[in-house]
Amino acid sequence: MEKDLFLETKNLEKAFDGIKALDGVSLKVYCGQIQGLIGENGSGKSTISSIISGIHTATKGEILLRGKPYRPRSPLDARDNRICMIVQETGTISGLSVADNLFLGDEAMFLQHGSINRKKMQREAEKSLEKVGLSFDVTAPIETLSFETRKLVEIARALYFDPTLLIVDETTTALSYEGRSLIHKIMRDLKEQNKAVLFISHDLPELMEICDRLTVLRDGKLISAFRKEEFDERLIKQTMVGRSIQDNFYRSDFDASHGEKRMMQVSHVDAGPLKDVTFDLHEGEILGVGGLSGSGMHELGKLLYGMLPPLRGEVTVLQDTKSAGGKEIPVRVKNIQTAMENGIGYVSKDRDQETLLLNASIKDNLVISALDKLKTGFFILPRAEKEFSQKQVGSLHIKCSGVNQTVGELSGGNKQKVSFGKWIGNQSRILILDSPTRGVDVGVKTTMYQLIYQLKKQGCAILIISEELPELIGMSDRVLIMKDGCVSMEFQRSPELVESSIIEYMI
Ligand SMILES: Nc1ncnc2c1ncn2[C@@H]1O[C@H](COP(=O)(O)OP(=O)(O)OP(=O)(O)O)[C@@H](O)[C@H]1O
């Protein structure tokens, strides 16, 4: 056996209802290395990771762990073999406390005289959070934490059990600038300790920086593996999609002009962490919003969609009606219903909890926000629903068996496309897009950016909230930077605008 070889898959296959998600994958994972995994959405990255970490079982093939057959029956079984995974979606359970989530399934560790020693469990929970630089009330319900902090709790849980192989599935795009740096450090530390890391990401520059080796999957097959000295961005992208793709997928113009008309007005709002936030969003404008994790930028999205009530100030949509002679009529956004009635669409960062109906079909998810548009008289013809959803599936390249497939069965990136497609094409006048391209592969990102730009040209007002500064710089007419709940700086689109000039207003 090769020195330092920790795990090896041999001709691994996995089929879901007869459809092959993995097709003969032979992969090697070494101690003391960070192994990257890249591939288009639906190429099988999460499937192979889930098999290694005991979530799914393989249909065919075998896995060897330090040269011995390994077939985990559950994630707990995998963990007993020192393999832990941080999943792409939310891996914590609402309704339970932070401490309960950290030790779910391991309560026996704290049994004393027939009952759980809660104090001990809480102390251990605090210790495990400290390892990832967190400190807060571990008795609090997990749903009171932000999406990012929940992810960090998952990382703390994985590290508590001292894994020899840590699998990180598309987690970094869910994290802010600081969260990313933290997980990069954790991976490098594990490598230093001669542990193994399997790292899945769609961010190729990030993979090229962090990884020692990089494996490319396409349609469930292992296409190629590169050693660090062979890394070549263009070649890897080409290997991934099977054709050459353009390097720059953002808009190329520097014309920051937009309509004069205000579509939305936020005046002196205090809400959650937000303090005295004031700005206007105009017709045909793409307004970018960036910041660090505690900056309040994600709460801003919820505020605009009526999910977070203001304590002070107000959020209004400006409607102009012909009956009022084209005059602007301000309508207050009080809740989600008023937001929707006034043409606001919202793609949440937490797509599984807040945007998608996971047990419903792709078609139902896509048409739900476009019912008015699809109505003929009082009725919605099934043919219109099908045509509408097939069009979205085609233009966003949603990989599925058909529009009737359940959304919960899709890969992470394909779910994100449904979440995006739900609001695009339903004639929303105002779109609030929180991390719209999270987990989406490079090929489809291009399509998404083109759609966003077309909507701008059609007069739609768009607010993009993103952790990715290149995305904000590349797409926005104007960028607002948030810090500690306030808008700390505003930038106009220009060829001179670069990441380094923005970062100082975030920190
Ligand atoms: N539970 C399931 N039921 C049916 N099909 C599934 C299920 N889980 C995954 N699949 C299918 O398996 C294929 C591979 O999915 P997988 O999640 O491994 O892709 P991925 O490479 O991780 O994609 P992404 O980059 O979008 O996360 C997809 O076509 C997906 O729809």
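Colleague: Which residues touch the most other members of the largest nonpolar core?

Modeller: Met264, Leu304, Ile462 and Leu463, out of 67 residues in that core. This is a predicted model, where local features need pLDDT of at least 70, side-chain atom pairs count only at pLDDT 80 or more, and totals for chains, interfaces and linings use all residues. Residues are numbered from 1 along each chain as its sequence is written.

Colleague: What makes a set of residues a nonpolar core?

Modeller: The set holds buried Ala, Val, Leu, Ile, Met, Phe, Trp, Tyr and Cys residues joined through C-beta atoms within 7 Å. Buried means that 20 or more other C-beta atoms, placed from the backbone, lie within 10 Å of the residue's own; exposed means 12 or fewer, and partly exposed is in between. A second, separate core of 58 residues includes Ala78, Leu129, Val138 and Ile167.

Colleague: Why are the buried residues of H6 said to line one face of the helix?

Modeller: Seen down the axis of H6, they fall within an arc of 55°, so they line one face; the arc is that of the directions from the helix axis to the C-beta atoms. The buried residues are Gly179, Ile183, Ile186 and Leu190. Ser181, Lys185, Asp189 and Glu192 are exposed on the face turned away from the buried side.

Colleague: How is the span of H6 set against the expected one?

Modeller: The expected span is 1.5 Å times one less than the number of residues. H6 (residues 177-192) has 16 residues, and its 23 Å from first C-alpha to last is close to the expected 22 Å. Helices are DSSP runs (H or I, at least four residues), numbered from the N terminus.

Notes
Helices (H or I, at least four residues) and strands (E, at least two) are DSSP runs, numbered from the N terminus.
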